[in-house]
Amino acid sequence: MVEPIFDYQFRLILIGDSTVGKSSLLKYFTDGKFAEVSDPTVGVDFFARLIEVKNGTRIKLQLWDTAGQERFRSITKSYYRNSVGALLVYDICNRTSFNNIPLWMNEAKRHIEPHRPVFALVGCKLDLVRGGGAAQREVPEEEVVAFAQRHGIFHIETSAKTGHNVEQAFTAITQEVYNRIQSGEYKVEEGWDGIKKGFARPSSMDFNLVEAEPAKTSCC
Ligand code: GDP
Ligand code: MG
């Protein structure tokens, strides 16, 4: 299969306590499906999907799932170091998973340094508390809003079962990474996989999206 054309590749990591719904979120985002019993594979898995930011620039997302390692908060350091951002994932029905978010955030900050990571705070399993759902909400929305404001990060509540807000969670963090490239804060760097230049379109196809410098052909 021919690699689809994309302008940049961003690498993001999903972190948070085990069973909060990270793998389900990724599965829905990349496959459009929800699996009732997801496989708690040990190790790290990655998923990929192409999306567009607001001006039509095409971004290939490389999304790293931390299957199993998160149990002991012992994610291999290079997964952090080679990420530009992290989705901080908690379960709306699991208070402890939200209480642990600052620990996950600090862990990511520490290892993603010297880069300033982009974060998105993502609550999962919204379907369980909506419309007479069986479970009890343990994380009030007001608290999430306050936390997100304090840290200046995007937040959203999602369901990988219904797909509610799944797309938005990934789109928002991707747009923020792109904005930081536009503002000059982030650059493509040799030896760092957080952001890579992709395959630019030939100018005859779409003049606006062609980068000023020659397109790199080696990627991923
Ligand atoms: P992970 O350990 O963070 O990767 O969590 P998983 O994605 O493996 O999910 C743990 C369990 O929660 C599985 O049984 C999933 O089917 C379930 N689950 C995940 N997301 C949702 C959701 O949005 N709604 C509901 N009802 N269950 C979910
Ligand atoms: Mg998992």
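## Basis of the model

Residues are numbered from 1 along each chain as its sequence is written, and chains are lettered from A and ligands numbered from 1 in the order in which they are written. Because the model is predicted, local features need pLDDT of at least 70 and side-chain atom pairs count only at pLDDT 80 or more, whereas totals for chains, interfaces and linings use all residues; side-chain values use heavy atoms, with hydrogens and water left out.

## Aromatic contacts

Seven aromatic pairs are found when the whole structure is searched, a pair being two rings of Phe, Tyr or Trp (its six-membered ring) whose centres lie within 6.5 Å, with planes under 30 degrees apart counted as stacked, over 60 as edge-to-face and the rest as tilted. The pair of Tyr-8 and Tyr-178 is edge-to-face, because the ring centres are 6.4 Å apart and the planes stand at 65 degrees. This pair links distant parts of the chain, with Tyr-8 in strand S1 (residues 8-15) and Tyr-178 in helix H6 (residues 166-182), 170 residues apart; helices (H or I, at least four residues) and strands (E, at least two) are DSSP runs numbered from the N terminus.

Tyr-8 counts as buried at 8% relative accessibility, and Tyr-178 counts as buried at 7%, where buried means under 20% relative accessible area, exposed over 50% and partly exposed in between (1.4 Å probe, protein chains only). Tyr-8 and Tyr-178 form one aromatic cluster together with Phe-10. Elsewhere, Arg-49 lies over the face of Phe-29, at 4.2 Å from the ring centre, the criterion being NZ of Lys or CZ of Arg within 6 Å of the ring centre and within 35 degrees of the ring normal.

## The second largest pocket

The second largest pocket has a volume of about 240 Å³. A pocket is here an open set of points on a 1 Å grid over the protein atoms alone, where a 1.4 Å probe fits, with protein on both sides within 12 Å along at least five of seven lines, and lining residues have an atom within 4 Å of a point; the volume is the space filled by probe spheres set on the points, which are joined across faces, edges and corners.

Its lining has 15 residues, of which Pro-117, Phe-119, Gly-152, Ile-153 and Arg-180 lie nearest the centre. Helix H4 (101-112), strand S5 (118-124) and H6 are the elements that give two or more residues to this lining, and H6 gives the most, with four residues. By class, the lining residues divide into nine nonpolar, two polar and four charged.

## Buried residues in the strands

Strand S3 (residues 58-65) holds Asp-65, which is buried at 3% relative accessibility. The side chain of Asp-65 is joined to that of Ser-23 by a polar contact of 2.6 Å, a polar contact being a pair of N or O atoms within 3.5 Å, of which, within protein, one must be able to donate a hydrogen and the other to accept it, while residues adjacent in sequence count only if both atoms are side-chain atoms. Gln-62 also lies in strand S3 and is buried at 7% relative accessibility; its side chain makes polar contacts with the side chains of Arg-11 (2.8 Å) and Trp-64 (3.4 Å).

In strand S5, Cys-124 is buried at 3% relative accessibility.

Technical notes
Nonpolar A, V, L, I, M, F, W, Y, C, P; charged D, E, K, R; others polar.
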